[in-house]
Amino acid sequence: AANNKGSRANVIFIIAATLYNKKSDSSKLINTFLKIASVAIGLRIAWNIILLFNLSIETRYGDVISALKFFWQADPTKLSFTIIFGNIIPIFLILALRKTVLTSIYNRRLLLLLSLFASVLIAEFLYKFFLLQYGIVM
């Protein structure tokens, strides 16, 4: 939980620094953030794959199935939204941010940073809600 709060604080700091450094060159700060965000998103994707394929869940009938099969049978819409908002959208936003760092379009850079932050928060909310709905504790 402390690591999650620290990452949120880092994102807020980056956004504030981008706002403050409107006219100066803040590309070094954003490049550092992009490296950290790329590693974090990569770790998140790896963690999701490991959990979905290796976590076993016992159904109420006594069958033991993988978490992916359980979530896909229980609610494929929430699973799809969690994967889209937590993995796919952040990858595209990081790639788009890498291109906008080279240009000095301030509004686009800020919008992409805020979108990345919102996407990860939405995915975390959906993921936690999904787990709590079925009483699965990680």
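Lys78 and Asp75 are both buried, where buried means under 20% relative accessible area, exposed means over 50%, and partly exposed lies in between, with a 1.4 Å probe and protein chains only. I start with this pair and then go through the rest of the chain.

First, what we are looking at. This is a predicted model, in which local features need pLDDT of at least 70 and side-chain atom pairs count only at pLDDT 80 or more, while totals for chains, interfaces and linings use all residues. Residues are numbered from 1 along each chain as its sequence is written, and side-chain values use heavy atoms, with hydrogens and water left out.

Back to the pair. Lys78 makes a salt bridge with Asp75, and their closest N and O atoms are 3.5 Å apart. A salt bridge here is a side-chain nitrogen of Lys or Arg within 4 Å of a carboxyl oxygen of Asp or Glu. Side chains of opposite charge can pair when their charged atoms come close. Where does Asp75 sit? Asp75 is in the loop between helix H3 (67–74) and helix H4 (76–102). Helices (H or I, at least four residues) and strands (E, at least two) are DSSP runs, numbered from the N terminus. Asp75 counts as buried because its relative accessibility is 17%. Setting aside residues up to four places away in sequence, Asp75 touches Phe130 and Tyr134; contact means heavy atoms within 4.5 Å.

Now the overall layout. The protein chain has five helices and two strands. Read from the N terminus, the order of elements is α-α-β-β-α-α-α. The chain has 138 residues, and 36% of them are buried. Of the contacts with a separation of 6 or more, 61% are between residues 24 or more positions apart. The chain exposes about 9,000 Å², and carbon and sulfur atoms supply 67% of that. These accessible areas come from the Shrake-Rupley method with a 1.4 Å probe, and for residues only the protein chains shown count as cover.

Next, the other salt bridges. How many salt bridges does a search of the whole structure find? The search finds three. One of them joins the side chains of Arg44 and Glu124, at 2.5 Å from N to O. That pair links distant parts of the chain, with Arg44 in helix H2 (residues 27–54) and Glu124 in helix H5, 80 residues apart. Arg44 has 17% relative accessibility, so Arg44 counts as buried.

Glu124 has a further partner: Lys128 forms a salt bridge with Glu124, with the closest N and O atoms 3.4 Å apart. Lys128 and Glu124 are separated by about one helical turn, because they are four residues apart in helix H5. Lys128 counts as partly exposed, at 45% relative accessibility. Through shared partners, the salt bridges join Arg44, Glu124 and Lys128 into one network.

Three aromatic pairs turn up in a search of the whole structure. The rings of Phe125 and Phe129 have centres 6.3 Å apart and planes at 15°, so this pair is stacked. The rule is that rings of Phe, Tyr and Trp (its six-membered ring) pair if their centres lie within 6.5 Å; planes under 30 degrees apart count as stacked, over 60 as edge-to-face, and the rest as tilted. Both residues lie in helix H5 (residues 106–133), four residues apart, about one turn of the helix. Phe125 is exposed at 56% relative accessibility, whereas Phe129 is partly exposed at 40%.

On to helix H4, which holds Asn87 and Ile88. Is Asn87 buried or exposed? Asn87 is buried, with a relative accessible area of 9%. The side chains of Asn87 and Asn48 are joined by a polar contact of 3.2 Å. A polar contact is a pair of N or O atoms within 3.5 Å; within protein, one must be able to donate a hydrogen and the other to accept it, and residues adjacent in sequence count only if both atoms are side-chain atoms. Ile88, by contrast, is partly exposed at 37% relative accessibility.

Last, Ala67 in helix H3. Ala67 is buried, with a relative accessible area of 1%. Leaving aside neighbours within four places in sequence, Ala67 is in contact with Leu51, Leu52, Leu55 and Ile57.
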